[in-house]
Amino acid sequence: LYVSENQISEIPVEIGKLINLVDLDFNSNQLSEVPPEIGSLTNLRTFFLSKNNISELPPEIGNLKKLFILELKDTNLSEEEKQKIREFLPECSVRF
């Protein structure tokens, strides 16, 4: 699902129902948070969130065991939050 550059300010909680999603691209939007329901997307392999106002991700992100690329460039994540994300997803290539 590619919805980059659409001025989206919120990911609907219903995203959690799309359990067969493999790729999700929310780059260059106006997001400030990611709903915990994202943790239901256990088939997700790539997740792009760069160029958003995100300052944290929910712990449920750790449920995404098949995720191999998580891109979070140009966000508002603190170093502490970046470390938590790395710990949640030790097998994933996280790009800050």
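Analyst: **The sheet and what surrounds it**

E5 lies in the segment before strand 1; helices (H or I, at least four residues) and strands (E, at least two) are DSSP runs, numbered from the N terminus. The model is predicted: local features need pLDDT of at least 70 and side-chain atom pairs count only at pLDDT 80 or more, while totals for chains, interfaces and linings use all residues. Residues are numbered from 1 along each chain as its sequence is written, and side-chain values use heavy atoms, with hydrogens and water left out.

E5 is not a glycine, yet its phi is positive, at about 55°. With a relative accessible area of 63%, E5 is exposed (exposed is over 50%, buried under 20%, partly exposed in between, with a 1.4 Å probe and protein chains only). S28, in the loop between strand 1 and strand 2, also has a positive phi, near 55°, and is a residue other than glycine. S28 has 25% relative accessibility and therefore counts as partly exposed.

The loop between strand 1 (23-25) and strand 2 (46-48) also holds G39. G39 is buried, its relative accessible area being 8%. Apart from residues up to four places away in sequence, G39 touches E60, N63 and L64, where contact means heavy atoms within 4.5 Å. The C-alpha atoms of G39 and P59 are 8.2 Å apart, although 20 residues separate the two in sequence.

Four strands form an open sheet in the order 1-2-3-4, with parallel pairing; two strands pair if DSSP finds at least two bridges between them. From one strand to the next the twist averages 5°, based on axes that are lines fitted to C-alpha atoms, for helices over the stretch in contact, with angles from 0 to 180 degrees between N-to-C directions. Strand 3 (residues 69-71) pairs with strand 4 over three bridges in the parallel sense, and I69 has S93 of strand 4 as its bridge partner.

In helix 1 (residues 79-88), the buried residues are E81, K82 and I85. They fall within an arc of 105° when seen down the axis of helix 1, so they line one face of the helix; the arc is that of the directions from the helix axis to the C-beta atoms. Strand 3 and strand 4 are among what covers these buried residues of helix 1. E79, E80 and E87 are exposed on the other side of helix 1.

The largest nonpolar core has 25 residues, and L24, F47, L49, L57 and L70 have the most contacts inside it. Such a core is a set of buried Ala, Val, Leu, Ile, Met, Phe, Trp, Tyr and Cys residues joined through side-chain atoms within 4.5 Å. Leaving aside neighbours within four places in sequence, the contacts of F47 include L24, F26, I69 and L70.

For the protein chain overall, 44% of the 96 residues count as buried.
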